[in-house]
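This briefing sets out the fold and the ligand surroundings of the model shown below. The lead sentences are followed by points grouped by topic.

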Amino acid sequence: MHVILIAAQKGGAGKSTLAAHLSTLADRDGKTLLIDTDPQGSLSSWRGRREAPTPHLTRANAQAVPEVLSTARREGVAWAVIDSPPHNSSLISTLMSRATLTLVPVRPGPFDLDAVGATLAMARSLKAPIACIINAAPPLMRGERQTSAVAETRAVLTSLGAPVLPGQVSQRASLSHALISGQSVDEYDPHGRATAEMVALWQTTSELARTLPRHA
Ligand SMILES: Nc1ncnc2c1ncn2[C@@H]1O[C@H](COP(=O)(O)OP(=O)(O)O)[C@@H](O)[C@H]1O
Ligand SMILES: [Mg+2]
């Protein structure tokens, strides 16, 4: 079982959004369990609005996570995708130490970058694999490979020593509209650009996770 933790110390970075959209893509690759560790329960509300039976979701606090993960492994779950709250470093470090890979959404701009330092330091001390993904970036114009905001963010992250995945997740209304109706973007707008970016992100993330030792 591969465990993908989505973490960022900053609220609003896009953790729950990415967890929801990536989970349905993960589910096509293998049995997927979403684990909502955020007391706010955004992902649980999404699951509640969802008609499709999968992916399954369970809520868990720090104490319950080890048991949830070992049950999932016994039940043949291939991908556990964990959504986490901001501002709870002891919970995040428990989760990070059990994750195959921690994915950190970072919005272009100074505030998310400030918060990345703490997550990065935690990953270093736990020797936990981590990868940043730039989220809610300005959409690319035709022929453009990278906007200046994204290039700057990527440069700062790289200078901090943070691995950054290629590409970006753009700011697109379909990513939130899909969630309102309990869908993921690939279900809501299968041929849209937001879907293409999310599929590319899942491909990169899952390929990376497969090269890493399994955990939990
Ligand atoms: N790429 C994106 N495009 C459009 N809206 C986004 C994007 N990422 C996040 N959002 C919106 O930003 C807000 C915060 O995202 P959320 O996933 O709840 O963050 P977090 O879980 O990190 O607190 C939500 O309203 C969500 O719909
Ligand atoms: Mg959230």
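This is a predicted model: local features need pLDDT of at least 70, side-chain atom pairs count only at pLDDT 80 or more; totals for chains, interfaces and linings use all residues.

**Backbone, fold and ligand shell**

Residues are numbered from 1 along each chain as its sequence is written, with chains lettered from A and ligands numbered from 1 in the order in which they are written.

**Backbone geometry**

- Most residues other than glycine have a negative phi, and most peptide bonds are trans.
- H87 has a positive phi, near 55°, although the residue is not glycine; its place is the loop between β4 (79-83) and α4 (89-98). Helices (H or I, at least four residues) and strands (E, at least two) are DSSP runs, numbered from the N terminus.
- A136 also has a positive phi, near 60°, in a residue other than glycine, but A136 belongs to strand β6.
- A136 counts as buried because it has 20 C-beta neighbours inside 10 Å.
- The peptide bond between T54 and P55 is cis, with omega about -10°; P55 sits in the loop between α2 (42-49) and β3 (56-59).

**Ligand 1**

- The shell around ligand 1 holds 16 residues, of which G14, K15, S16, T17 and S176 come nearest; a residue is near a molecule if its C-beta atom, placed from the backbone, lies within 6 Å of it.
- At least two shell residues come from each of α1 (15-29), β6 (130-137) and α7 (173-180), and α1 gives the most, with 3 residues.
- By type, the shell comprises 5 nonpolar, 9 polar and 2 charged residues. Ala, Val, Leu, Ile, Met, Phe, Trp, Tyr, Cys and Pro count as nonpolar, Asp, Glu, Lys and Arg as charged, and the others, Gly among them, as polar.

**Overall fold**

- The protein chain contains 9 helices and 7 strands.
- Its C-alpha trace spans about 45 × 40 × 30 Å along the principal axes.
- Of the 216 residues in the protein chain, 46% are buried.

Terms used: A residue is buried if 20 or more other C-beta atoms lie within 10 Å of its own, exposed if 12 or fewer, and partly exposed in between; C-beta atoms are placed from the backbone.
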